[in-house]
Amino acid sequence: MHELHDLIRIIRKKGQRSLQLVNFNFRKKETSKDNLLYQGIINETFQSDTDASEKLFGADPGNRNYRNAKSRLKQKLLNHLFFLDYDKDSYTLYQQSRYESEHTLLQAKILSTEEADEIAQKILPALIRTTTEFELYDILVPALELVKNYHSRQGKITPFLEVREELAKYRLKHRAFQASEDLYYDTLVHIHKSVSAQKRVLDSIPNTISQIYHIADRVESEAIKIIGHKLSILYYHLNWDYDKSLKLCTQLEEEYLNRPNSEIKVNLNQKRIVFTKLYAYIYTEEVIEGIPYAKRKQALFKPSHDDWFTFMEYYILLLLKAEQYKEATKIFRKVRTNKNFNNQPEHVKERWAMYRVNLIFFNEAKILSWGFNLEEFLQERPNFAKDYEYLNIAYLTIQCMFLLREGDVQRFKESVKWITDYKSPHLDKRNNYRSSVFIRLLEIVIEKNFDFDLIQEKGTLYYQKLTDTKIPVDLETEMEVVPYERLWLHILRILKTNKAYVHYQFYNAQAI
């Protein structure tokens, strides 16, 4: 009972700050402007400050009352950070343990400050066990300091010396962890600064990784080793060494991640590892392994979350590489019927529109063609904003494929001229090299006047460039829905088998 008395004394002595929280119970009528603002945002009634300020106050966003309502809502949401539910399945055991440990440490510090050491000392042993197990040195060290200081004040020499020895050991590990993090983030800042800064730091990364692994071995720390693994994955990505990336990610999954979230004890994001592996499978064209892997990992992603759409995008690209168009059609339908699809950014929706058109070209399933007007599509000339110019090339490429298949020589020539004229001022060869090579192949079709033999002979060099140059495709800079090599083989097949081009060659020869 005396512990409860002490807690009541602390709370009554200091008083309790009025804790402002958002009212989540919509059945209970709530008329405060900040709560109405909250409801309007989550219900998508308010798409901008202008919408919200006009509907709530009949004023512009600079209105003082509106700014005050925003400020109150922000503070209420910040207050909720102390009451997050980390017991949900989406959080790993590591994340749950860190969140709860940070809470417990704060409680212990407050109790110690308020001269309630006896209570603090009862909650610290469990905290120390947890933070030791999960190598949460930034929490473990101050927790041990609280215990050491308590024994000092009590004049308990033996436990004081024992804790001091433990503290010295974990301070050393904490400094080693901080040194490793410094090496990691010192590298990361150069990678993200610019392409030139990235190139300057690239050669030094293997040495940095070795340093981190050496520190991990010296102090026997799994947490530090994880930092080395993260930097290794990043280095493999920068060097396009996706075989090594796949190998390391698989190792990490087997060692740490192939279990429920409630059992994952390390600071690794399981979904990021999945995305890294899927990207590597797409680049290496290891579809035989990649597709079953995607099927197994699909359960990790909830259809209500944005990362589900990213996962499905990688999945459909794998299926397209494998020419599994029926399976890809099923994925497209899942995505397109997801109730959250329309909330995705416009450029993401446009990418899915491109997947649909490519699937129509290769599959022609009725479920895809419903509501799609091919003639309207062929007449359009796309004009996406600068940040999404890569979509223009994807759009024009599949238009050319349709026109060639239909034997519409004149419109095909016009489309190739359009895409060629677009290429020079808009395509950066460093990021769009493969697109540039494929456009050159389209030009050869016209230059050689749709003559299969001449086109095949002239195109061999550029086809070889495509097969030799496996530049990783970044969904934000270049969109290669179906590999260009496969499109080129399809073009050759059309030219060889489509009677329109046999007739074209005959009449063209007669004219000469």
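**Surface and overall make-up**

I began with the accessible surface of the chain, which comes to about 28,600 Å². Carbon and sulfur atoms account for 50% of that surface. I note here that the model is predicted. Next I looked up burial: the chain has 512 residues, and 46% of them count as buried.

For secondary structure I found 25 helices and 0 strands. I then turned to contacts in the chain with a separation of 6 or more, and 63% of these join residues 24 or more positions apart.

**Helices α8 and α10**

I picked helix α8, residues 157–193, and helix α10, residues 205–219. Their axes come within 10 Å and cross at roughly 165°. An angle over 145 degrees counts as roughly antiparallel, so α8 is roughly antiparallel to α10. I logged the crossing of α8 past α10 as left-handed.

Which residues make the contact between α8 and α10? On the α8 side I listed K173, A176, S180, L183, Y184, T187 and I191. On the α10 side I listed I205, T208, Q211, I212, I215 and V219. By class, this contact of α8 with α10 has 8 nonpolar residues, 4 polar and 1 charged.

**Helices α12 and α13**

The crossing of α12 and α13 is left-handed.

From α12, the residues in the contact are Y242, D243, S245, L246, C249, T250, L252, E253 and L257. They meet Q270, I273, V274, T276, K277, Y279, A280, Y281, Y283 and T284 of α13. I sorted the contact of α12 with α13 by class and got 11 nonpolar, 5 polar and 3 charged residues.

I looked at backbone angles next. Most residues other than glycine have a negative phi.

E135 is not a glycine, yet its phi is positive, at about 55°. I located E135 in the loop between α6 (117–133) and α7 (137–154). Is E135 buried or exposed? Its relative accessibility is 15%, and buried means under 20%, so E135 counts as buried.

N449 is also a residue other than glycine, and its phi is positive, near 55°. I found N449 in the loop between α22 (429–447) and α23 (452–468).

I then went to helix α15, residues 306–321, which holds M312. The relative accessible area of M312 is 0%, so M312 is buried. What does M312 touch, leaving aside its neighbours within four places in sequence? I wrote down Q298, I331, K334, V335 and W352. For one of these partners, I331, I also took the spacing. M312 and I331 lie 19 residues apart in sequence, and their C-alpha atoms are 7.1 Å apart in space.

D307 lies in helix α15 too. With a relative accessible area of 22%, D307 is partly exposed. Not counting residues up to four places away in sequence, D307 touches K271, F275 and F301. I checked the spacing of D307 and F275: 32 residues apart in sequence, and 9.8 Å from C-alpha to C-alpha.

**Helix α17: E350**

My last entry is E350, in helix α17, residues 346–362. Its relative accessibility is 26%, so E350 counts as partly exposed. Where I left aside neighbours within four places in sequence, I found E350 in contact with F384 and L391. I also looked up the pair E350 and Y395, which are 45 residues apart along the chain. The C-alpha atoms of E350 and Y395 are separated by 9.7 Å.

Note on methods:
Residues are numbered from 1 along each chain as its sequence is written. This is a predicted model: local features need pLDDT of at least 70, side-chain atom pairs count only at pLDDT 80 or more; totals for chains, interfaces and linings use all residues. Side-chain values use heavy atoms; hydrogens and water are left out. Helices (H or I, at least four residues) and strands (E, at least two) are DSSP runs, numbered from the N terminus. Buried means under 20% relative accessible area, exposed over 50%, partly exposed in between (1.4 Å probe, protein chains only). Contact means heavy atoms within 4.5 Å. Accessible areas come from the Shrake-Rupley method with a 1.4 Å probe; for residues, only the protein chains shown count as cover. Axes are lines fitted to C-alpha atoms, for helices over the stretch in contact, and angles run from 0 to 180 degrees between N-to-C directions. Angles under 35 degrees count as roughly parallel, over 145 as roughly antiparallel, 65 to 115 as roughly perpendicular and the rest as oblique. A crossing is left-handed if the near helix is turned anticlockwise from the far one by less than a right angle, and right-handed if clockwise. Ala, Val, Leu, Ile, Met, Phe, Trp, Tyr, Cys and Pro count as nonpolar, Asp, Glu, Lys and Arg as charged, and the others, Gly among them, as polar.
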